[in-house]
Amino acid sequence: MDGQSSLILSDSTRVGTRIIESLLPLLRYRYFRHAATFIITLYAFVRFLQSQGRKISLNYLSASIHFDDSHGLYHTILSWASQRFAKARRLKAAPNESRQQEEPEMDDGTDLSEIFHVGRWSAKTQVYEPFYGKYWFLDGGRLFLFERRQERRTYNYFHQGDDENIVLSTPGRSTEPIKGLLKTIKDWELEREKPYTTVWVPRSKDTRRFQTWKKIAWRRSRSLDTVILDKKKKDILVADINKFIRPRTAQWYAEKNIPWRRGYIFHGPPGTGKTSFALALAGLFGLQIYIISLLDPQIEDSDLILFFNSVPRRCLILLEDIDSAGLVGGQRASNSSKNGGGRSNVGISDEESTGRISLSGLLNAIDGVASPEGRVVVMTTNYLDKLDEALIRPGRADLTVEFTLATKHQMRGMFTQMYGTETCNINELADQFVATIPEDKFSPAEIQNFLIQKDYLQAVNDIVAWKDKALKAKRDRELKRQTAKDGDGR
Ligand SMILES: Nc1ncnc2c1ncn2[C@@H]1O[C@H](COP(=O)(O)OP(=O)(O)OP(=O)(O)O)[C@@H](O)[C@H]1O
């Protein structure tokens, strides 16, 4: 420490000591002591009255609606509040990875040859939410309170976690004004350029006691136009869901005593758009998506029933790659293993199997008595012919939709979609592009992967070389597979 700073320190110590010394005589006066005690007591009393008054007014003189974070509207309200209280003094940096918010459309400031540093960029594009606490505001001349709370939950001896909820309150005894506010918030959400889809997956086994599902994403809905399919197939499915989810249909099912449920099977090679189409359908109809992986070792038959029973009334349940879950041929995995067939995850024995789902367990969950009405189940598979008849019978799978390797129509659509905004003769270039690639050889995912690396001229110029190389690679892989199979057979 240099001489100057030690001088300042000793000066301030001396001043402090002098103040205390000058106050000491005052404390000797009785009246002063009484006055000080009175002021402190009065202050504590006023604070007590204030807090009690607040409690009484919130509990008895106000109406409120609570939303926990598993509620479909939770993120809509939070997102609305983030805009409304953007200037609040205490904000919380939104966990971008879980919210999957829209990326701010700002220039990243670097050209393609420079290294783009995600950390530096994301520091500039951080999204904020109101911090936990209370926020009073006026809407339509009425006073409201938005409260964001965090509550510690003990799931079991080893596991604790934080659950969040939002409470909207208003003075008075009726919740109607809050419902009116919620309508405003919903309209605000609808008026946003593109709607969002909420994606849920099951919580881990230890934390399922209080809530079954965990939100993993809240993302912009994929537009149906971006999944390029045969128009007829698309129209049939869209019309089917559109009819199914209407209240009138629900009533009809109830009158006829038929369970109001719908199931679809999407089958086809990998990368042909099965998952993308399911997501786009959910976005189109405003359905939340619940994804169940039958390969999850933490999922047993009883869990499946719990999952199906705890989804909301109208939603889309996505059961992906249903053929790879040990359900092939209606038997547990062990049988296919003993027969030596199938892919590795199918061909595991019961003892080795980490998956604990049986076909009957899955069928029970789908048809369960307590399974909610109005849900749409989409099952995806690469191998329709390997599925058990029981799974694909009408009632469980009402429509079966085939997804094929890219047709000329699809390749054309993908090309125009990729470069449609460029100033070029898009139709002519698309014709040129499509003329060079054979149909039914590449998946739309492969075509997409090629296109995203090129501009429109490169795409047209490089497609022949790419096609030859890709076809050769496919032939080589097939040859290797065949040789390995022949070797095993010997
Ligand atoms: N028909 C299509 N139209 C537009 N894009 C497509 C189409 N099919 C696939 N894609 C693109 O390919 C990628 C993979 O698609 P997706 O995951 O939907 O395929 P999938 O059939 O579900 O594959 P898998 O059977 O391996 O699960 C996505 O990025 C998607 O945009």
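**Group meeting: a walk through the helices and strands**

Okay, let's start with helix α9, residues 274-285. At 1.5 Å a residue, its twelve residues should span 16 Å, and the end C-alpha atoms sit 17 Å apart, so the two agree. Keep in mind that this is a predicted model.

So how much of α9 is covered? Mostly covered, it turns out: nine of its twelve residues are buried. Those include Phe277, Leu279, Leu281 and Phe285, and Lys274 is on the list of buried residues too.

Now to strand β12, residues 376-381. Here six of six residues are buried. In a regular strand, side chains alternate between the two faces of the sheet. You can follow that along β12: Val376, Val378 and Thr380 point one way, while Val377, Met379 and Thr381 point the other way, and all of them are buried.

Who are the neighbours of β12? One is strand β9, residues 262-267, which pairs with β12 in the parallel sense over six bridges. If you want to find that pairing on screen, look for Tyr264, whose bridge partner in β12 is Val378. Another is strand β11, residues 315-320, also parallel to β12, over four bridges. There, Leu316 stands opposite Val376.

Next, a hairpin. Strands β4, residues 133-139, and β5, residues 142-154, run antiparallel and are joined by seven bridges. Lys134 stands opposite Glu147 of β5. Two residues lie between the strands, and in this hairpin Gly140 takes a positive phi near 60 degrees.

While we're in this part of the chain, have a look at Thr170, in strand β6, residues 160-171. Buried or exposed? Thr170 has a relative accessible area of 2%, and under 20% counts as buried, so buried it is. What does its side chain reach? The backbone oxygen of Leu143, at 2.7 Å.

Last stop, the surface. Phe38, Ile39, Leu42 and Val46 make up a nonpolar patch there, with about 400 Å² of accessible area together. Val46 belongs to helix α2, residues 30-60. Its relative accessibility is 41%, which is between the 20% and 50% cut-offs, so Val46 counts as partly exposed.

To recap the covered parts: α9 has nine of twelve residues buried, and β12 has six of six.

Key. Residues numbered from 1 in each chain as written. Predicted model: local features only at pLDDT ≥ 70, side-chain atom pairs only at ≥ 80, totals over all residues. Heavy atoms only, no water. Expected span 1.5 Å × (residues − 1). Buried < 20%, exposed > 50% of the residue type's maximum accessible area, 1.4 Å probe, protein only. Pairing = 2+ DSSP bridges. Patch = residues over 30% accessible without salt bridge, like charges linked within 9 Å, V, L, I, M, F, W, Y side chains within 5 Å. Areas by Shrake-Rupley, 256 points an atom, 1.4 Å probe, with all protein chains shown as cover. Salt bridge = Lys/Arg side-chain N within 4 Å of Asp/Glu carboxyl O. Polar contact = N/O pair within 3.5 Å; in protein donor to acceptor, adjacent residues only side chain to side chain.
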